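Colleague: Could you take me through this model step by step? I would like to begin with a single residue and then turn to the overall picture.

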Amino acid sequence: MIPSRQRSCYIKYERNRTAKMKVVVCIGSSCHIKGSRLVVERLQVLVAEHGVGDKVDLSGTFCLGRCAEGVCVLADGELFSVSPDTVDDAPYACVAAAES
């Protein structure tokens with residue numbers, strides 16, 4: 001395990017080196033039931049529509065700890081709770097920001 005201070009520097013180095021926005025969608029059981037698969041599919045479409053596939057790292061993870069709030073999406077450290085119906089509202093701004 002990398003010590004906390006070194007890990008922080010390593011993360012900053014990795015972020016600058018890759019220059020990608022990291023978008024992580026919870027695919028745990030609660031979020032899965034709430035439609036995380038549809039959220040991932042919509043985010044993939046948004047990334048493709050905006051042509052930012054080389055600037056956005058879209059991935060999944062298990063439980064971000066906010067199970068009661070909706071499908072959790074962590075975009076560059078900012079947590080959004082969305083549903084398949086609202087996914088265009090919050091993380092869209094993050095995906096669109098990757099265009100610049």
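**Contacts, helix and sheet**

Modeller: Arg66 touches Cys72 and Leu79, not counting residues up to four places away in sequence. Contact here means heavy atoms within 4.5 Å.

Colleague: Before we go on, what kind of model is this, and how are residues numbered?

Modeller: This is a predicted model, in which local features need pLDDT of at least 70 and side-chain atom pairs count only at pLDDT 80 or more, while totals for chains, interfaces and linings use all residues. Residues are numbered from 1 along each chain as its sequence is written, and side-chain values use heavy atoms, with hydrogens and water left out.

Colleague: Where does Arg66 sit?

Modeller: Arg66 is in the loop between strand 2 and strand 3. Helices (H or I, at least four residues) and strands (E, at least two) are DSSP runs, numbered from the N terminus.

Colleague: Is Arg66 buried, partly exposed or exposed?

Modeller: Arg66 counts as partly exposed because its relative accessibility is 39%. Buried means under 20% relative accessible area, exposed means over 50%, and partly exposed lies in between (1.4 Å probe, protein chains only).

Colleague: How far apart are Arg66 and Ser30?

Modeller: They are 36 residues apart in sequence, and 9.5 Å separates Arg66 from Ser30 in space, C-alpha to C-alpha.

Colleague: Now the whole chain. How many helices and strands are there?

Modeller: The chain has 4 helices and 4 strands. Along the sequence they follow the pattern α-β-α-α-β-β-β-α. Of the 100 residues, 29% count as buried. Among contacts with a separation of 6 or more, 70% come from residues 24 or more positions apart.

Colleague: Let us turn to helix 3. What span should helix 3 have?

Modeller: Helix 3 covers residues 36-49, and its 14 residues should span 20 Å at 1.5 Å a residue; the end C-alpha atoms are 20 Å apart, which agrees. The expected span is 1.5 Å times one less than the number of residues.

Colleague: Which residues of helix 3 are buried?

Modeller: Ser36, Val39, Leu43, Leu46 and Val47 are buried in helix 3. They lie on the same side of helix 3, because they cover an arc of only 100 degrees around the axis. That arc is taken from the directions from the helix axis to the C-beta atoms.

Colleague: And what does the opposite face carry?

Modeller: The face of helix 3 turned away from the buried side carries the exposed residues Arg37, Ala48 and Glu49. After helix 3 comes Gly51, with a positive phi near 60 degrees.

Colleague: What surrounds Ser36?

Modeller: Leaving aside neighbours within four places in sequence, Ser36 is in contact with Val25, Cys26, Ile27, Cys31 and Val71. Ser36 counts as buried because its relative accessibility is 1%.

Colleague: How do strand 1 and strand 3 run?

Modeller: Strand 1 (residues 21-26) and strand 3 (residues 71-75) run antiparallel, joined by 3 bridges. Val24 has Leu74 of strand 3 as its bridge partner.

Colleague: Is strand 3 mostly covered or uncovered?

Modeller: Strand 3 is mostly covered, with 4 of its 5 residues buried. Strand 3 also pairs with strand 4 in the antiparallel sense, over 5 bridges. Ala75 has Glu78 of strand 4 as its bridge partner.

Colleague: What happens in the hairpin of strand 3 and strand 4?

Modeller: That hairpin has 2 residues between the strands, and Asp76 takes a positive phi near 50 degrees there. Asp76 counts as partly exposed because its relative accessibility is 34%.

Colleague: Lastly, what is the phi of Cys63?

Modeller: Cys63 has a phi near 45 degrees, a positive value in a residue other than glycine. Cys63 lies in the loop between strand 2 and strand 3, and it counts as partly exposed because its relative accessibility is 47%.

Technical notes
Two strands pair if DSSP finds at least two bridges between them.
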